[in-house]
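The sequence and the structure are shown first, and the description follows.

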Amino acid sequence: MKDRTISRRALLGATAATAITAAGVAGGSPAAAAPRERLRRIVSRMSLEEKVGQLFVMRVYGHSATEPDQEDIDLNLAEIGVRTAAELIDTYHVGGIIYFAWAHNVRDPHQIAGLSNGLQKAALAQKTPVPLLISTDQEHGIVTRIGKPVTLLPSAMALGAGRSHDGAREAARIAGAELSAMGINQDYAPDADVNVNPANPVIGVRSFGADPQAVAGLVADQIKGYQRAGITATAKHFPGHGDTTTDSHYALPTISHTVEQWQELDAPPFRAAIDAGAGSIMTAHIVVPALDPSGDPATLSHPIVTGILREQLGYEGVVITDALDMAGVREKYGDDRVPVLAIKAGIDQLLNPPDLRLAWNAVLEAVKSGEITEQRVEESVLRILQLKERTGLFRDPFVPGAEVDDVVGTPAHLAGADRIAEATTTLLVNDGLLPLDPRATTDLLVVGPDPASPSLSDGPPTKVLADTLTGLGFTTTALSTATDPAAEAIDAAVAAAQGKDAVVVTTYNVSATSAQRTLVHRLVESGVPVVTVSLRNPYDIAQLTGARASLAMYTWTDVEVRAAARVIAGAVRPQGRLPVAVPSADDPEQALFPIGHGLKY
């Protein structure tokens, strides 16, 4: 792949250097002109089409900027009308590219670095050369776009359970350093939502918890960690997506908080993000009638984006939409009106519209017709260029291939991830069974569901848990079941438990009607001591009875699974405390376990 073999010297050679100098970014002494004025001069030389392009952040298929596979060429032609990422940049002058695994952008770290360099080379080959913001959603936990050998870290809610400011900063620093080494300079993390609704289908363990002040502190920590590593952090989803039972990917949620409730529950993490210097903030496709009674989603709401975020909270950075292909923002208006209304609301970056040609032309025509002034567009372009300047892209947008191996997935980073994870596992119930001693409780069965890895590179969790326990001195057998195990699978698990000294049962989002309840009940009835471990939401325990011990680990990535195994075996002591309350199954208004609950030994 040509992009991958370009040397750093070549990338920073005559063509790129001349281009940047011509743009007024590199010529002469950097101290001779204020960065803001240099950036204004770039904006003044842009055509209207280039200015409009800077507002868009777009997906594109392929592992290479210039030589994608034929399958990806076909997808690009069908969805975007271009063959390659380089052609996308040349045609629409986009200001940013977002990476996805399903778009075949993230095969391995060296390929990602090569793609990033190829994209930046294409951006600097334009008439007005401006480097790109290259982004992804690498939250860690259930939203992880890049898998191994990248270091995979605990989820936000796991960090909330760990309650370590140092741990949260270090996790973001590790993540940011590795993204930076691959040429990714903007991460859509951390999640600043306060998850006060256990039934929230879209946030959940992506949130640090349900305590607004605790969430605020960890959001600030992560922003500082990311940005010290050279990555633009993005606090999301403003004005707060933590209290909903509707997923905005599929419908438009309404948040019923009063202004006072919003100020108390939702606002603190965003205030903290602003105080911490967040480079960007992402809006939510949610309706909050108390903040804007129009029924418009926050992404399209001038009272929310400009009136609250800009004017009340004083945010001066870049505001980006959540993805514009989500149903939540498309219910009320057509795909041609959404980007225009977003800009009128005060948005700077338009993320991943379903039809770029339609959206780009709609904004262009809105400016030409006077619905949006060119000055308004220039305000957003200047903020975007300032962010690129702050991230160092005008100094050096390229990454050296050699840095990948020196930074990504290093032993030090992997050890750091294990150390952080060990402080997050939460012991909810224990009648004295734990820790297990391999000399007395030798023969174990690990049974439960094996949900697909978010990063496509981990697990399966039953095997990882069994292997880790085996390494700690136990004789361990793994038996995988489904998240909705059939009667035959339950019978097989009960049979396999016969003669075992204990059974460790993993659970995944257990509901009142889940067959996982039957699995646990049948195993408890068999007389074998049962330990349950919730892989994702910590609320599972409210639906389970009879287990002698129960733990929560908040995400089923390998690093969390290994940490839970070490707690079970007593290799480390349980340190995590619930960052959310677990409501009673019989009375959801009552807490079965309050925020802060966590047993020790």
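Leaving aside neighbours within four places in sequence, threonine 481 is in contact (heavy atoms within 4.5 Å) with Val447, Gly448, Pro449, Asp450 and Leu519. Threonine 481 belongs to strand 13, residues 475–481; helices (H or I, at least four residues) and strands (E, at least two) are DSSP runs, numbered from the N terminus. With a relative accessible area of 8%, threonine 481 is buried; buried means under 20% relative accessible area, exposed over 50%, and partly exposed in between, with a 1.4 Å probe and protein chains only.

The model is predicted: local features need pLDDT of at least 70, side-chain atom pairs count only at pLDDT 80 or more, and totals for chains, interfaces and linings use all residues. Residues are numbered from 1 along each chain as its sequence is written, and side-chain values use heavy atoms, with hydrogens and water left out.

**The chain as a whole**

The secondary structure comprises 22 helices and 18 strands. The C-alpha trace spans about 75 × 55 × 45 Å along its principal axes. For 601 residues, a compact globule would have a radius of gyration near 25 Å, and the 25 Å of the chain agrees with this; the radius is taken over C-alpha atoms, and the globule rule is 2.2 Å times the number of residues to the power 0.38. Of the 601 residues, 61% count as buried. Among contacts between residues at least 6 apart in sequence, 76% join residues at least 24 apart.

**Helix 13 and its surroundings**

Helix 13 covers residues 302–312, and its buried residues are Ile304, Val305, Thr306, Gly307, Ile308, Leu309 and Arg310. The elements that cover these buried residues include strand 7 (232–238), strand 8 (280–283), helix 12 (259–275) and helix 16 (374–390). At the start of helix 13, a side-chain oxygen of serine 301 comes to within 3.1 Å of the backbone nitrogen of isoleucine 304. After helix 13 comes glycine 314, with a positive phi near 75°.

Isoleucine 372 is placed in the loop between helix 15 (356–369) and helix 16. Is isoleucine 372 buried or exposed? Isoleucine 372 is buried, with a relative accessible area of 3%. Apart from neighbours within four places in sequence, the contacts of isoleucine 372 are Val340, Ile343, Lys344, Ala366, Val367 and Val377. Isoleucine 372 and leucine 55 are separated by 317 residues in sequence and by 13 Å in space, C-alpha to C-alpha.

**Backbone geometry**

Most residues other than glycine have a negative phi, and most peptide bonds are trans. The table lists departures from these patterns.

| Site | Backbone feature | Value |
|---|---|---|
| Lysine 148 and proline 149 | cis peptide bond | omega about 10° |
| Glycine 459 and proline 460 | cis peptide bond | omega about 0° |
| Histidine 93 | positive phi | about 55° |
| Histidine 104 | positive phi | near 65° |

Proline 149 lies in the loop between strand 5 (143–144) and helix 9 (156–162). Proline 460 lies in the loop between strand 12 (443–449) and helix 19 (461–471). Histidine 93 is found in the loop between helix 7 (85–92) and strand 2 (96–98), and is buried at a relative accessible area of 16%. Histidine 104 occupies the loop between strand 2 and helix 8 (109–124); at 25% relative accessibility, histidine 104 counts as partly exposed.

How values were computed:
A polar contact is a pair of N or O atoms within 3.5 Å; within protein, one must be able to donate a hydrogen and the other to accept it, and residues adjacent in sequence count only if both atoms are side-chain atoms.
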